[in-house]
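Q: Could we go through the ligand site of this model? I would like to begin with the residues around the ligand.

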Amino acid sequence: MSTPDPASQRRSYERGSLTRETLLPDPVAQFRQWFTDATGTPEVIEPNAMSLATVDAGGQPSLRTVLLKAYDERGFVFFTNYESRKARDIAANPRVALLLPWLALERQVKIEGRAERVSRTETVKYFLSRPIGHRLGAWVSQQSSVVSSRSLLLTKLEEMKRRFADGEVPCPDFWGGYRVVPSRFEFWQGGKDRIHDSFAYLPAADGSWTIERLAP
Ligand SMILES: Cc1cc2nc3c(=O)[nH]c(=O)nc-3n(C[C@H](O)[C@H](O)[C@H](O)COP(=O)(O)O)c2cc1C
């Protein structure tokens, strides 16, 4: 039996189109509209999952999935381990990019900007809203470092359960949020015959955003 040929995977994008007239002037408002569509579309699993690209001190890019946990005019927030590879990258170079691929809607959103730590208050508030197992998990994992076995992690989890048996699981110092303060957005909608619609939002001098159509 032959294995699937990636070159034969072909799909016509016909779900919608994007025009300058229908785009909202504010990219965060536009994002809100598309995020609402994505969360209302059952085929879009994890609508808040996004790829986060970072670049290390030597110029090597890397990326991984993180979950969007808040967004507003100030930026786009995710939470992670402040000693992870992504955190080390951000410390050396705060310029990052985000990609939300809502493929079931034939859409993607790209965001570029600078990552900055959220306040400790914001981190702790979110941490305490997480299920207890997730909170314990944050204590267990030295994210991105080599670990010899899964059983070692499970042993550490049991240790943490005992350590915090009598009360709240506090937020570790090495865990917290980043806010990506956006400096560019791109909204992409797949079109028929590979004539897709793509629009960039760029900051204008007066504080508003300039919208440009991009060749797809
Ligand atoms: C669906 C999904 C959601 C994830 N969400 C997060 C997240 O919100 N925060 C996080 O630190 N890692 C998250 N991860 C794990 C990261 O992708 C990554 O493996 C981990 O953060 C280590 O990345 P780094 O070594 O590049 O720092 C998620 C992975 C998947 C597949």
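**The ligand shell**

A: In this predicted model, the shell around the ligand is made up of three nonpolar, five polar and three charged residues. Its members are Arg64, Thr65, Val66, Leu67, Phe79, Thr80, Ser84, Arg85, Lys86, Gln143 and Ser144, each with a heavy atom within 4 Å of the ligand.

Q: What are the ground rules here?

A: Residues are numbered from 1 along each chain as its sequence is written, and side-chain values use heavy atoms, with hydrogens and water left out. As the model is predicted, local features need pLDDT of at least 70 and side-chain atom pairs count only at pLDDT 80 or more, while totals for chains, interfaces and linings use all residues.

Q: Which side-chain atom lies 2.7 Å from an oxygen atom of the ligand?

A: That is a polar side-chain atom of Lys86.

Q: Which elements give two or more residues to the shell?

A: Those are strand 2 (61-67), strand 4 (75-81) and helix 2 (85-92). Strand 2 gives the largest share, four residues.

Q: Changing topic: is Arg88 buried or exposed?

A: Arg88, in helix 2, counts as exposed because its relative accessibility is 51% (exposed is over 50%, buried under 20%, partly exposed in between; 1.4 Å probe, protein chains only).

Technical notes:
A polar contact is a pair of N or O atoms within 3.5 Å; within protein, one must be able to donate a hydrogen and the other to accept it, and residues adjacent in sequence count only if both atoms are side-chain atoms. Ala, Val, Leu, Ile, Met, Phe, Trp, Tyr, Cys and Pro count as nonpolar, Asp, Glu, Lys and Arg as charged, and the others, Gly among them, as polar.
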